[in-house]
Amino acid sequence: MPAPRKYPLELRERAVRRDRTAEPKPVIRRMAEELGAHPEALRGWIRQAGADAGEWGDLPTTEEKEELARLRREVRELRRANEVLRTAPAFFAARIDPTRPR
């Protein structure tokens, strides 16, 4: 279960929309104070919106981040399953040892 967000999604969307439509571009620190958000959080939201719009080629999009998280969870589960399967033969061999008296 993901951690609760500190800022509501509506605030994030409004801040990004305000940054994109304003001319000249607002000063992030001042806009963050007006919105009651941390300047670095606001900067991150704006950069992520740019990545999602294809403006920042060096950043992964939100969709790519979600896919990466899903794949990492899947790898973790598969590694756990492999570990169980790796130890299972020894466990069952010990239980049906024909030389051991019943």
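## How the helices are defined

Helices here are DSSP runs of H or I with at least four residues, numbered from the N terminus. Their axes are lines fitted to C-alpha atoms over the stretch in contact, and angles run from 0 to 180 degrees between N-to-C directions. This is a predicted model, in which local features need pLDDT of at least 70 and side-chain atom pairs count only at pLDDT 80 or more, while totals for chains, interfaces and linings use all residues. Residues are numbered from 1 along each chain as its sequence is written, and side-chain values use heavy atoms, leaving out hydrogens and water.

## Two contacts of α3

Let's begin with α1 and α3, whose axes come within 10 Å and cross at roughly 70°. The two helices are therefore roughly perpendicular (65 to 115 degrees). From α1, the contact (heavy atoms within 4.5 Å) draws on Leu11, Arg12, Ala15, Val16, Asp19 and Arg20, and from α3 on Leu42, Trp45, Ile46, Ala49 and Gly50. These residues divide into seven nonpolar, one polar and three charged; Ala, Val, Leu, Ile, Met, Phe, Trp, Tyr, Cys and Pro count as nonpolar, Asp, Glu, Lys and Arg as charged, and the others, Gly among them, as polar.

Helix α2 (residues 28-35) also packs with α3 (residues 39-52), at an angle of about 110° and with axes 9 Å apart. Ile28, Arg29, Met31 and Ala32 of α2 meet Pro39, Leu42, Arg43 and Ile46 of α3. Six of these contact residues are nonpolar, none polar and two charged.

## An aromatic pair

One aromatic pair turns up in the whole structure, with ring centres required to lie within 6.5 Å. Tyrosine 7 and tryptophan 45 sit edge-to-face (planes over 60 degrees apart), at 5.3 Å centre to centre and 80° between the planes. Tyrosine 7 lies in the segment before α1 (9-21) and tryptophan 45 in helix α3, 38 residues apart.

## Two prolines

In the loop between α1 and α2 you will find proline 24.

Proline 89 comes shortly after a kink of about 35° at alanine 88 in α4. The bend at a residue is the angle between axes fitted to the seven residues ending there and the seven starting there.

Note on methods. Phe/Tyr/Trp six-rings, centres within 6.5 Å; stacked < 30°, edge-to-face > 60°. Parallel < 35°, antiparallel > 145°, perpendicular 65-115°, else oblique.
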